[in-house]
Amino acid sequence: SKDNLVYHVLNLYDMCPLDMKSEILRYVINKGQQGVNTLEGSMYWTQTRRPHAWADAFHRAFPESVLCTYSQMEYQNMVQLGRKPIRAGHELYRMLSAQGIPTAEYVLQEKNDVQREMFLPDSQLRDNFNKAFKLIAEKLPEVHILNISFIQLPPSESNVLFIASSRARGEYQFSQTLLKSGVRAIGMALFDALAQTKSISGKCNMDYEMEMLNMAWECIMNDTPISGNP
């Protein structure tokens, strides 16, 4: 039975001493990065009964390293930050990251959190947001499910209008740049946020989406005109 074989092999590996576990991890990860499938590399790592021991073995095999998926962006970002990125397959990545092994995703999120400062918009910016929100809410009351906070981005990200913190929970961060862009731009962002929240795949035809947003916005503007706003 294949299931029995996997079970017995996992038990054998779990009983290996720490040094041997480290060698196994080196072999699996090195072969994986070379694109070579191995028996060890295809094992279901999440079934191990000693995940903490494998985490200790990883620390020994790859000291001061950061765990990466096979994302090229993650890998290059770690190199630019002076970190030592190590790619791992899906199951091995899940098992090690669950045991507290530092990941590129966590490092990048921490970096972004430091760079993105929360702020309270002044009267004009707040007024822009409130006007846009009120107009959208009159037609689409489900906009109230969105949890929106405001952030001030560093100059390198000044062109970013809004950021999805958690699409599943409807959490979004609107930037100072967006609030300065006026009621129409904020309204578009609210439509887009709602579309993302309702989207299962998170993917859509951008041209079609923009056409629909423009149509919806025109209906609202014709219904409740706002003077002096872009």
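The structure holds four salt bridges, a salt bridge being a side-chain nitrogen of Lys or Arg within 4 Å of a carboxyl oxygen of Asp or Glu. The model is a predicted one, so local features need pLDDT of at least 70 and side-chain atom pairs count only at pLDDT 80 or more, while totals for chains, interfaces and linings use all residues. Residues are numbered from 1 along each chain as its sequence is written, and side-chain values use heavy atoms, with hydrogens and water left out.

One of the salt bridges brings R60 and D19 together at 2.2 Å, N to O. This pair links distant parts of the chain, with R60 in helix α3 (residues 51–61) and D19 in helix α2 (residues 18–33), 41 residues apart. Helices here are DSSP runs of H or I with at least four residues, strands are runs of E with at least two, and both are numbered from the N terminus. R60 is partly exposed at 42% relative accessible area, and D19 is too, at 49%; partly exposed sits between buried (under 20%) and exposed (over 50%), using a 1.4 Å probe and protein chains only.

Helix α2 also carries E23 and R26, three residues apart, or about one helical turn, and their side chains meet at 2.5 Å, N to O.

As for the strands, four of them make an open, mixed sheet in the order β3-β4-β6-β5, where pairing takes at least two DSSP bridges between two strands. β3 (117–118) and β5 (162–166) are the edges, each pairing on one side only. Two bridges join β3 to β4 (residues 147–152), and these strands run antiparallel; E117 stands opposite Q152 in β4.
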